[in-house]
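Open the model in your viewer and keep the selection panel handy. We will go from stop to stop, with something to select at each one.

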Amino acid sequence: MSITPLSLALAGELSAILTGLHEQYTAFHGLLLAQREAIRAADPSRLARIGELQLAALRAISALEDRRRVLVNTISDTGRWTGATPITLSALAQHAPKDQRESLLAMATSLRGVMSACQSEQSTLKSAAQSLAAHIEGVMRQIARTLSHAGTYGRRGLVDTSTAVTTALDLRS
């Protein structure tokens, strides 16, 4: 892999993209933490507000990803990058002008850390949501079984085929 050094303009765009992505992913991580607290507090209105803020952050990340794609395509189309390895933000930072290289590499490393924290938190929230859904399903089955005057529902809250339905409806009256 080889690349000609990035121009100041391309390095400036790389810096703007890295800075923007870091800010948005940091904000998104904070929103994920707030979402976990809202779930814990069972606060649906707060969850709705957080969902709207998350959507805005994801839209901003998408716009920055579009800018990243344009930057990579520009570098690729001009023949500045050769080789089979993908063009990553970290790899681009390594070829920035010397006075910007260290700060860009540090931003890329920090961005990777924030993105990893977001993935971890999303995994935790997914697990919590699955546990909550299973709990609610159990409660609903228990309620259905308790309210089933005919004994139609079995211990699991599902229709019990081994039990005969003892209620009837007189259609002649």
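Which residue with a positive phi follows α2? Select Gly 79: it comes after α2, and its phi is near 75°. Before moving on, note that this is a predicted model, in which local features need pLDDT of at least 70 and side-chain atom pairs count only at pLDDT 80 or more, while totals for chains, interfaces and linings use all residues. Residues are numbered from 1 along each chain as its sequence is written, and side-chain values use heavy atoms, with hydrogens and water left out.

**Along α2**

Now select α2, residues 44-77. Helices here are DSSP runs of H or I with at least four residues, numbered from the N terminus. The end C-alpha atoms of α2 are 48 Å apart, which agrees with the 50 Å that its 34 residues should span at 1.5 Å a residue; the expected span is 1.5 Å times one less than the number of residues.

Next, colour the buried residues of α2, among them Ile 50, Ala 57, Ile 61 and Leu 64. Buried means under 20% relative accessible area, exposed over 50%, and partly exposed in between, using a 1.4 Å probe and protein chains only. An α-helix has 3.6 residues a turn, so residues three or four places apart point the same way.

Stay in α2 and pick Leu 58, which is partly exposed at 41% relative accessible area.

Select Ala 42, in the loop between α1 (8-40) and α2. Its phi is near 55°, a positive value in a residue other than glycine. Is Ala 42 buried or exposed? At 61% relative accessibility, Ala 42 is exposed.

**Ser 90 and its partners**

Jump to Ser 90 in helix α3 (residues 89-94), a buried residue with a relative accessible area of 17%. Show Leu 105, Ala 108 and Arg 112 too: leaving aside neighbours within four places in sequence, Ser 90 is in contact with these residues (heavy atoms within 4.5 Å). The side chains of Ser 90 and Arg 112 are joined by a polar contact of 2.6 Å.

**Last stop: the end of α4**

Finally, select Leu 147 in helix α4 (residues 98-147). Leu 147 is exposed, with a relative accessible area of 66%.

How values were computed. Helices (H or I, at least four residues) and strands (E, at least two) are DSSP runs, numbered from the N terminus. A polar contact is a pair of N or O atoms within 3.5 Å; within protein, one must be able to donate a hydrogen and the other to accept it, and residues adjacent in sequence count only if both atoms are side-chain atoms.
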